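Subject: Structure for your files

Hello,

Here is the structure I said I would pass on. Please keep it with your notes.

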Amino acid sequence: MNNINPEQLDNTDNEMLPEYDFIGGVRGKHYQAYRRGHTVTIHQADGTDIVQHFTLEDGAIMLDPDVREYFSDTETVNQALRTLISLFPKNRTSITPQS
């Protein structure tokens with residue numbers, strides 16, 4: 001490993017450090033699996049493991065990054081959806097998600 005003086009590093013620089021090699025890496029490889037839920041195993045010093053499974057809470061919705069650019073908080077999302085809902089015919093109670 002290179003001996004790099006931390007004071008020499010400019011933290012405002014967005015360039016990757018030379019020791020990070022992502023050749024052959026695939027962006028978003030685990031994205032869909034992460035959204036479905038993921039398991040974290042914590043290995044304790046005493047040799048035991050703690051396994052925790054994380055999923056979105058009931059009713060939680062994860063916004064894609066391009067959508068998140070336009071909606072900074074919960075109230076903004078809810079207001080936009082209420083506006084959209086007001087355009088629907090009154091006899092339609094739900095929308096079927098597209099696959």
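Below is a short account of what was found.

This is a predicted model, in which local features need pLDDT of at least 70, side-chain atom pairs count only at pLDDT 80 or more, and totals for chains, interfaces and linings use all residues. Residues are numbered from 1 along each chain as its sequence is written, and side-chain values use heavy atoms, with hydrogens and water left out.

Overall: the protein chain has three helices and two strands (DSSP runs, H or I of at least four residues for helices and E of at least two for strands, numbered from the N terminus). Their order along the sequence is α-β-β-α-α. Of its 99 residues, 2% count as buried (under 20% relative accessible area; exposed is over 50%, partly exposed in between; 1.4 Å probe, protein chains only).

The strands: strand 1 and strand 2 run antiparallel and are joined by six bridges (strands pair if DSSP finds at least two bridges between them). Threonine 39 stands opposite histidine 53 in strand 2. The two strands form a hairpin with five residues between them, and glycine 47 in the turn has a positive phi of about 95°.

Isoleucine 50 lies in strand 2. Isoleucine 50 counts as partly exposed because its relative accessible area is 37%.

Regards
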